[in-house]
Each structure stands twice: as C-alpha cells, then as structure tokens.
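Subject: Structure handover

Hello,

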Amino acid sequence: MSSGGEVPAVVVDGVGMVFNEGTGGEVAALDGIDLTIRAGEFVTLIGPSGCGKSTLLRLIGDLLTPTAGGVSVFDKSAHESRTGQDYGMVFQHAGLFDWRKVKANIELPLELRDWSKTDRNARSAEMLDLVKLDEFGDHYPRQLSGGMQQRVSIARALSFEPRLLLMDEPFGALDEMTREHMQGELLRIWGETGTTVVFVTHSISEAAFLSNRVIVLSPRPGRVHSIIDVDLGERTPDTREDPDFFAAATTIREALRSVGGAE
Amino acid sequence: MIPARTATATKVIRTVVTTALAILVIVVLWEGYKWMGQQTGGNWPGTGIELPVSTDDIIMPHAADIAAELVSDIRDGRSTLPLSVFLLKKAWFTLQEAAIGFFLGSAIGIGLAVLMLRWRVAERGLLPWINVSQTVPLIALAPIIVTWGRNQGMPDIVSISLISTYLTFFPVAVSALRGLQSPDSAHVELMRSYAAPWRTTLFKLRLPAARPYLFPAFKIAATLSVVGAIVGEISIGTKTGLGRAILEFALRYAVWPERLYASVIGAAALGLFVFGMISMAERLVLRRTDEVVA
Ligand SMILES: Nc1ncnc2c1ncn2[C@@H]1O[C@H](COP(=O)(O)OP(=O)(O)O)[C@@H](O)[C@H]1O
Ligand SMILES: [Mg+2]
C-alpha cells in the first residue's frame, strides 16, 4: 500500500487473463493478481518461463486487456495512461528502426509528441550522454553492438520522461559481462531520473541486484507466489560480492524452487 | 573501407563487363546452335530427331546481320536514319507511356495494399480479384480499354498507359502488402505503447519497413510497364512507338527477319533501361542503411 497518501504508480486489482476465451484453445495465463507498486520503485517480476510475466507487463502497459479485474496507473486506467503517453517500454530485442540513425531512433517518441526539431535535438543529445553513446548519434543501429543497441532502446524509452518504464527481459540477449554493465547503467539512470520501473527477468542475480522488491510468480495459471523485499542500499559493483546480496538471491532461488522454476 | 567513389566506379565497371559477357555468351550460343543445325541438317547431332527451333536464316538470322541491321538506314517519314536511332526515337515515345503506367500502377498498387492492410475485410475481398485480374489476357483486355477510352474522348496515349498500369499495379500491390505487414510485433507494439495513431504507424513504421519489399516489385513493374505499353500500342494501332515498329517489322518478317530481331533488341534494351533506373533509385534510397555496416 502507498504510504503518506501518495498515489501508487501501479495498482493491479484482481487481474485475470485468459487467452482465446470462448474458443477451444483457452489458455489461462494469469489469475487473481493483486499488486501495488509505489512511485519511484524498482520492481522485478520473476518466475518460470511461461508463467505470465510478459502478459502481466503487457496488461500494465495496456497492450492487452485483462479478462478479469483492472489495472490503474497513477490513478488512471491503464488505457488512459497509454493514450496519455505515460509509458516507456523496452523489450528483449532493442527493436530499433534500422533505417533511422541512432539519434532519430531516440527522437521517435518525441516526434510523435510533436516536439520541435530544436527540442528533439537537445533531448536526444542529453539522452545519448546519459547512456554514454555521445559519439554514436549519427550511426545506424546495425553499426552498434547488441549492448549499445539496447542502451539506445533505453534512451528512446526514457527520452520523454515516462512516468512508468516497463522492461521485458531487456538484457536477456546480452552476454554476462555486458549484462552486468547494463544493470549498473540502468540503476544509475533510474537514480538520476527517479522513474518507476517494472522489470521482467528470469535471472535471479539480476532480480536481486536491481530491485527494491521481487515478485515471484507461480505458473499455470500465473499467480503471485511471494513478494521479496530486497534492501541492499546503494548498489555498486561490490554489491555482487556482498553477503546480503547472496542472501537475497538465495531467498529468491528458494521461492522459485517451490514454484517449480530454475534459473 | 573502400572510398565510396571507387566503390561506385568498381560497380559500374563490373556491370559493364558482365553485360558485355552476357551478350557475348548469348551470341556464341546463338551462332553455335545455328552452326550445329546447319551441320546436321536441322537434327540433333547423331540422331534423326529435329531440333526444336529451325536454324535457317529466316528463323535465326546471323547475329552479325542483326547487328548490321541496327546501323543500316531506314526511312522515317521524310528523313532517313540508322535503324538504331529510329528505334531510339520510337522507344522514347513508348517510355513515356510506360512511365505513366509505372507510376500510376505503383500508386494504385500501394493504395490497394494500404486498403488491405487497414481492413482485413478488404484483404479478403480484394486479394482474390487482384489475382484474377492478372489471368485476363492482355490481348483481350486491350481493345476493351481502347474502345472505352475513345468513347470517353481520351487520347490513345492514355489508354496505352492504362494497359501498362494494369500490368504494373499487381506486383506492387502484392509486395507492398507483404512489406507493410513485415514489421515484427515488437515494433508494432512499440508504436502502440506510444499511442501512435494508425496513420502515424503507417508513415513512421510500415512504409519505411516496406521499402526493401517494394523495390524488387518496382523492378518487375518497370519491366512490365514496357511490355504493357508495347502490347497496348500494337493492339491500339498507334502511328508511333516501339510496338508500332515491331508490328510493321513483324509483317515483313518473312523477307526481313533481321529488322524484327533488331526491334526486339530495342524493346529488351528499353526494359533493361527502366530496370536499371529503378536499381539506381533503390541504391540511392536504401544506401544509407546498407553501406554503413562497419
Ligand atoms: N497471444 C497469446 N495467445 C495465446 N496464449 C498466449 C499469448 N501470449 C501468451 N500466451 C500464453 O500465456 C502464458 C504466459 O505467457 P507469457 O506471459 O509470455 O510468459 P512469460 O513471459 O512468463 O514467459 C503462456 O502459456 C503462453 O503460451
Ligand atoms: Mg516473456
């Protein structure tokens, strides 16, 4: 629950999702999900593959409509929030438009908001700086490594200062070293922008390192199994060797074991 | 990296060399086949089975004679000029009809694709008809269009362009639809997450993503537009154009086959020319993303 009367970022209220409802091939993806995410929080969804993490994220983002219950985002319906352009989204694959230069990719959401060219230029320069790609604005996505592309994708999602950032396994396709680097960058950016993040992963260490809270989902149909608070203070590279970090990871691992998921 | 200008020069040289080689190969095969046929009296070597194409000088004139025909003089109205120049003049006329047909057909093709993309019902309703349209023989359709056009008081060049349009819209419509549907769901969802209206998604995502699908279709359409214009000219009985030249030379084929072959070469050259123009446009438009792989 929100403290001090402040508006929660996300309230998921009794949400259920059945795909292909009313046909022979019904899939119950989610059932009875209740969840409240505070503004400024970094929350991770973890669970075995197919347990409905992406579905839940897409419901919050109004890319899907729940078959039961409702989602509100900053006191508005998810639909109002999407049409009000409150969301930034990052997917597993950077999903850049390869006919646009890096700069133009970052400016895409700004174009859709009718920003002037000057403002767009200024903002994309700022964002390139934020993700440390200052020299690559005039490159095309294909000239960049996977990790760099994913950083552009994050810059694109943050360029218009969305109130809510939804990320679906954004680092899933990266190698371990790049991944850890990106996690550090993401936390730095999160600290600088103060946005709310809902992050999907199936990596235990990623969940432990990034989040304030970890939501463990159990499969078929997806339900909230447990919610684990992670309090590691300010993250640094040393955090990964901190006993508290291992303890958090162990708690998450045990929860995952009991729902039948492995790392 | 190779500097861009050197790369372009290399490409031009390569194209010229391959074209020359291709022509050489065709000439060698042509003359070789002809020579073989004349050695065996028109049969497959060592058998009594007849060759599929007769090798006499009417059916297959010597390549050199065809080439000589291209530089020999022909009367055009009151003046006399080499056949190649004559064909070039006629081709210029045909090119204009083909160009109208190409641009009109491409616009209609893209328009239909957008309609089919927007309304699935339209796709289900239109696509079969678009396919059926191409099974109507052009020879049957051309007189209908021409007669209709004359009744409407349209100049013949418009009717011919319409016949050309009829051929060109088809490959463009089919490829454009595929191209417009090509963005993966992540891209479409991204636009949805921005609450981008359908039109914006069309212009910012689907149309740019369709370009690699469109250019191959444009190349086919450009070649077809020439075919359409020539067939249109023949069936309409215009006074000028490549089609007219081909028709005249065809009537005198039995006595002067080299001329017909020369005019066919002219038609092929025109087809290659428009194909080349589209290829160049493609390179200009798509280069930005292609050549940059570091
Ligand atoms: N569009 C869809 N149509 C039918 N079933 C779907 C669809 N999307 C997801 N599902 C099903 O819902 C379940 C949860 O999927 P998903 O949310 O992608 O899981 P996760 O992201 O946790 O791996 C799976 O059983 C999946 O097959
Ligand atoms: Mg998923």
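**The contact between the chains**

Two salt bridges are counted between chain B and chain A, a salt bridge being a side-chain nitrogen of Lys or Arg within 4 Å of a carboxyl oxygen of Asp or Glu. One of them links B:E189 to A:R58, with 2.3 Å between the closest N and O atoms.

Before the rest, the conventions: this is a predicted model, in which local features need pLDDT of at least 70 and side-chain atom pairs count only at pLDDT 80 or more, while totals for chains, interfaces and linings use all residues. Residues are numbered from 1 along each chain as its sequence is written, chains are lettered from A and ligands numbered from 1 in the order in which they are written, and side-chain values use heavy atoms, with hydrogens and water left out.

Seven residue pairs, both at pLDDT 80 or more, are in polar contact between chain B and chain A (N or O atoms within 3.5 Å; within protein, one must be able to donate a hydrogen and the other to accept it, and residues adjacent in sequence count only if both atoms are side-chain atoms). On the side of chain B that touches chain A, α7 (185-193), α8 (198-236) and α10 (257-290) each supply at least two residues; helices are DSSP runs of H or I with at least four residues, strands are runs of E with at least two, and both are numbered from the N terminus. The largest share of that side, seven residues, is from α7(B). By class, it has 11 nonpolar, four polar and six charged residues (Ala, Val, Leu, Ile, Met, Phe, Trp, Tyr, Cys and Pro are nonpolar; Asp, Glu, Lys and Arg are charged; the others, Gly among them, are polar).

In total, 26 residues of chain A and 21 of chain B take part in the contact (heavy atoms within 4.5 Å). About 2,200 Å² is buried between the two chains, 61% of it from carbon and sulfur atoms; this is the accessible area (1.4 Å probe) lost on putting the two parts together, summed over both.

**Ligand 1**

The residues around ligand 1 (a heavy atom within 4 Å) include A:F19, A:N20, A:K53, A:S54 and A:T55. Oxygen atoms of the ligand lie 2.7 Å from a polar backbone atom of A:G50, 3.0 Å from one of A:G52 and 3.3 Å from one of A:C51. The protein covers 62% of the 560 Å² of accessible area that ligand 1 has on its own (Shrake-Rupley method). α1(A) gives the largest share of the shell, three residues.

Regards

Key
Accessible areas come from the Shrake-Rupley method with a 1.4 Å probe; for residues, only the protein chains shown count as cover.
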